[in-house]
Amino acid sequence: MSVNTNALGSNKLKRRASLTDTNLLLIITIAVFIVMYICAVLFLKKGFTKPQMFFNILNENASLLVLSCGMTLVMITGGIDISVGQVTSLVCMACAVHLEKNGGNVFTSILLALGIGLAFGIVQGFLVAYMEFQPFIVTLAGLFFAKGMTTIVCSDRVPVTYEPFVKLCRTEITIPFLGSVNKKGIYVPAYVEVGVIVALIVVVVLFCLLRWTKLGRNFYAVGGNNQSANMLGINVKLTKFLAHVLCGLCAGIGGYLFFLHACSGSPLHAQGAEMNAIASSIIGGTLLSGGVGNIAGTLFGVLSLSTIKMIVTSLGLEDAWWTNITVGVMLCIFLLVQSVILARKNNKK
Amino acid sequence: MTTDTKVQSKGSAGEFFGKIIRNQLFIPIVALTLLVIFNLISDPGFFKIALEPSSTGNLILSGNLITIIDNASELVILAIGMTLVTSASGGQDISVGATIAIAGSTVLRIVKGYAPDIPGSQFAGMIIVSFLLCVVVSALFGAFNGALVAFFKIQPMVATLILFTAGRSIAAWINNNDNISINDKRFGYFGNFIPGIPVPTPVFITIFCIIVIALVLKFTNLRLYSQSVGINASSSRLNGINPKMIKLLTFVILGVCVAVCGFIKVSRTSSITYSVIANNIEMDAILAVALGGNNLGGGKFNLTSSVLGAYVIQFLTTTLYKFKEIDSSSISAYKAVVVILLIIISSPFVRKLIEDFKNKREAAKAEAAVGKEKA
């Protein structure tokens, strides 16, 4: 009995201790998102009172969400993958050409997307983990390669007219009990696209993976300290390799979701998506030095980032530069907060 | 006796080759040679240089080689600053392209206010003022990056991510997103040709920059300090170096390099496109540093090999452009393949493999010799 209470007590202590670093960053992110959204609802009113506005954010950023989750995994192991944006673009183009010109069907196009993502993940993971190259350089080469391949596959925009796929794109899943009355007085239920459901499934799966599986805990161990993880008997190389493979797979899925949303392939798709993914992960509380991060944080990072963009556009500052500047400022603030927290943590030691 | 000397000479030759292979300049020079040979085979006229009258009637040098050296100017200047930053902070600045846009925008903001036919002295004054302002602005942005890296201990790539996202927008904001084009021909002198001189002006600017940085490295402790900070920041602090200030300084120097690049860039076209100017140049600059065999994790550096690396990258780009069937935007795929090959060849992993292989062979030889003696 006494042992039991002891264990309980230590558990509580642990919880309180862990609140200082990982969870604090997560709480800040969630708070920022909620405050921002409430402010938008109170002051902007226009669309933000409608539930559909929130689901639109999800609809537009389903692909970014998946990309950021993959990025979070790699960043937790202490690496980085900057090729995901261009891989997305390549997946869109390859699938579009596959559907339009080569007479493929939806199922094979999904396989193609996953295959491209996996291929990038495996090659880059091998080079990073087993050949010990710097992840930045390897994935930079991957970025170049994907960018070039996209234009080699086709250099123009390819709109998709393949009937079953277009149907899939247009599918709207209505949300029960949420909706709004439009100008004509007709009740319009809120909806999400198919991609959002897939993205949320990916988020839940990766969340569980990081939280409750051995592999997930290994990611944290490797990112926290390479050498001690090695001494604990963790296969560091394999873990890093798997992180990159998962990230590649996420890029494949994210690419297909982007394709679903855009319904076309173009070399200009998903420009700079990798930076958005990195930014969302950082805002979500993932440290670039590795070892700290959370998929739930990433989810809120993506939401905060896209809410900012939404607010900026609805403020009437339609020039694209304001979005970028606000995102930059926000990134700056979050980085400073992170650095202060880290410094405090080091001082305590 | 004779066999003895033979063995010795062979050993020294092996040592000599080993020294060459271990030299940092080895990889960029080999890459350059390969490119030259490839071009000579595919197109013997590739290196032809001609003195031809340009569209304005002045005699200018033209030819692929001149184009390469001319277009590489910005990359070389950037590579200098990037090498210093890499050395001191162990990371790279990915915001240089965006900061070039800011610098160029600043220059145009000043120059656009003047009438196209002001007298020479006034024009010179205006150019100097605009250049100085652009140097100050870029140095400030460099200092911003440097402060984040040095004082807040944020990884350089992440700290510069801020300007990478916001930089081009700031550049557009400086000029209210106007499309500016300068009609004064004299403004284009700095990016093209000065009448009467057949060599493009950016080449002179590059040479000037290289000389300045060489003098700085020769007569100051910058090289020693930045290397020691890059290798071990805390122990160099204990030895009386202020690592924070050194890191900040390297970022400011990179900012000045960026200002020069921005000035050349806008002068080349007398106009600016905010989203396209110096696109992807940060990647090329980092690759130049990596190709030069510098450790991207900080520490020792060799500026000569970085500069050579920059020329190799530009050479590669121009060579790829020569193939008519290659689309200009798909060039990056081919570049990626070449870069991956170069990195694999230059990686410590492969070198270790080669050395292991050598050692094993020698060991086998020695064993065989021992076996023979016993027999």
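**Exercise 1.** Why does A:Cys263 count as partly exposed?

Solution. Residues are numbered from 1 along each chain as its sequence is written, chains being lettered from A and ligands numbered from 1 in the order in which they are written. This is a predicted model, in which local features need pLDDT of at least 70 and side-chain atom pairs count only at pLDDT 80 or more, while totals for chains, interfaces and linings use all residues. A residue is buried if 20 or more other C-beta atoms, placed from the backbone, lie within 10 Å of its own, exposed if 12 or fewer, and partly exposed in between. A:Cys263 has 17 C-beta neighbours inside 10 Å and therefore counts as partly exposed. Its place is the loop between α10 and β4 (264–265) of chain A; helices (H or I, at least four residues) and strands (E, at least two) are DSSP runs, numbered from the N terminus. Although A:Cys263 is not a glycine, its phi is positive, about 60 degrees.

**Exercise 2.** Which helices of chain B each supply at least two residues of the side that touches chain A?

Solution. Begin with the totals: 37 residues of chain B are in contact with 34 residues of chain A. On the chain B side, α7 (156–174), α12 (281–291) and α14 (331–346) each supply at least two residues. The largest share, 13 residues, comes from α7(B). By class, this side holds 26 nonpolar, eight polar and three charged residues; Ala, Val, Leu, Ile, Met, Phe, Trp, Tyr, Cys and Pro count as nonpolar, Asp, Glu, Lys and Arg as charged, and the others, Gly among them, as polar.

**Exercise 3.** Which residues touch the most other members of the largest nonpolar core?

Solution. A nonpolar core is a set of buried Ala, Val, Leu, Ile, Met, Phe, Trp, Tyr and Cys residues joined through C-beta atoms within 7 Å. The largest has 191 residues, and A:Leu331 and B:Ala79 touch the most other members. Helix α11 (residues 243–269) of chain B gives the most to this core, 16 residues. Leaving aside residues up to four places away in sequence, A:Leu331 touches A:Ala279, A:Ile282 and A:Ile283, together with B:Leu161, B:Ile162 and B:Thr165.

**Exercise 4.** How do α4(B) and α11(B) pack, in angle and axis distance?

Solution. Two packed helices are described by the angle between their axes and the distance between the axes. Axes are lines fitted to C-alpha atoms, for helices over the stretch in contact, and angles run from 0 to 180 degrees between N-to-C directions. Helix α4 (residues 73–89) of chain B packs with α11(B) at about 170 degrees, the axes being 9 Å apart. Angles over 145 degrees count as roughly antiparallel, and α4(B) and α11(B) are therefore roughly antiparallel to each other. Their contact has 16 nonpolar, four polar and three charged residues.

Definitions and conventions. Contact = placed C-beta atoms within 7 Å. Parallel < 35°, antiparallel > 145°, perpendicular 65-115°, else oblique.
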